[in-house]
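Please open the structure in your viewer and keep the selection tool at hand.

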Amino acid sequence: MQLLQALREATGPLHRRLDDAVSAQPIETLSGYARFLSMHAEILPAVEDWLLRSRDFATLPEFRDRLRTDALRRDLSALKLPMPKMRDMSFLNDESSVVGICYVLEGSRLGAAYLCSLLGKSDATLPTAFLRHGSGRSHWKTFLAWLTEQDRSGLATGQAVFSARQVFDSYLKALLEQDNNRKRVFGTS
Ligand code: HEM
């Protein structure tokens, strides 16, 4: 499928960088897990808020059920962690592509399922509402079916790829800045 292929090719290297960056600190530890949740919390609420204001997002099956901000808040609150300050997400605008943005968010559930399985194999007792969100549902499958119905023109594909990359970039920057701040305060990452 052209659109999916274009998104995969364009974001594969960014995904690998993000995967490596997240994995640099074990997810099974409180600090590694807090770092992971805080990274999402800098981005996801603003992106979901923007999606909810977009007409295209409402065409994605069960779009409301896909929102994970509340689950993220619950996990942070269970760990007594504050919601971090939101990043500047002003790149989200009329030209942004719901397709590209949803690809990143829906794909991140696949990684979440894997991370959840790592936690399950460890002794960690960490709240997993966010990681487990949507498990047992067919969100990825229905997203892919929806993707086949989307505009595949060169322009739309270009916008989707551009937006997907921007979201990945935001995640990478959020993680990097968190690590730098921690280094400044504690002298360690
Ligand atoms: C340590 C962190 C992560 C790990 C270990 C991880 C791992 C994975 C795995 C195992 C898959 C499924 C691959 C497959 O079944 O073919 C996947 C897919 C994906 N992940 Fe991640 N992931 C991580 C973080 C993230 C994050 C934070 C995002 C985005 C914010 C993300 C976005 C995606 C996307 C878009 C896909 C779909 C790829 C595709 O099939 O087209 N991942 N990830």
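Of the contacts between residues at least 6 apart in sequence, 86% join residues at least 24 apart; a contact here is a pair of C-beta atoms, placed from the backbone, within 7 Å. This is a predicted model, in which local features need pLDDT of at least 70 and side-chain atom pairs count only at pLDDT 80 or more, while totals for chains, interfaces and linings use all residues. Residues are numbered from 1 along each chain as its sequence is written.

Switch to a cartoon view. The chain has seven helices and zero strands, in the order α-α-α-α-α-α-α. Both kinds of element are DSSP runs numbered from the N terminus: helices are H or I with at least four residues, strands are E with at least two.

Next, show the C-alpha atoms alone. Along the principal axes they fill a box of roughly 50 × 35 × 30 Å. The radius of gyration is 16 Å, which agrees with the value near 16 Å for a compact globule of 189 residues. That radius is taken over C-alpha atoms, and the globule rule is 2.2 Å times the number of residues to the power 0.38.

Colour by burial. Buried residues make up 29% of the 189 in the chain. The count is of other C-beta atoms, placed from the backbone, within 10 Å of a residue's own: 20 or more is buried, 12 or fewer is exposed, and in between is partly exposed.

Select glutamate 62, in the loop between α2 (30–52) and α3 (69–78). Its phi is positive, about 55°, although the residue is not a glycine. Is glutamate 62 buried or exposed? Glutamate 62 is exposed, with 12 other C-beta atoms within 10 Å.

Move on to lysine 80, in the loop between α3 and α4 (98–121). Lysine 80 is also not a glycine, and its phi is positive, near 55°. Lysine 80 counts as exposed, with 7 C-beta neighbours inside 10 Å.

Finally, select the ligand and the residues around it. There are 15 of them, the closest being Val22, Gly107, Ser108, Leu110 and Gly111. The elements that give two or more residues to this shell are α1 (2–23) and α4. A residue belongs here if its C-beta atom, placed from the backbone, lies within 6 Å of the molecule.

Which element gives the most to the shell around the ligand? That is α4, with eight residues. Colouring the shell by class shows eight nonpolar, five polar and two charged residues. Ala, Val, Leu, Ile, Met, Phe, Trp, Tyr, Cys and Pro count as nonpolar, Asp, Glu, Lys and Arg as charged, and the others, including Gly, as polar.

Note on methods: Two residues are in contact if their C-beta atoms, placed from the backbone, lie within 7 Å.
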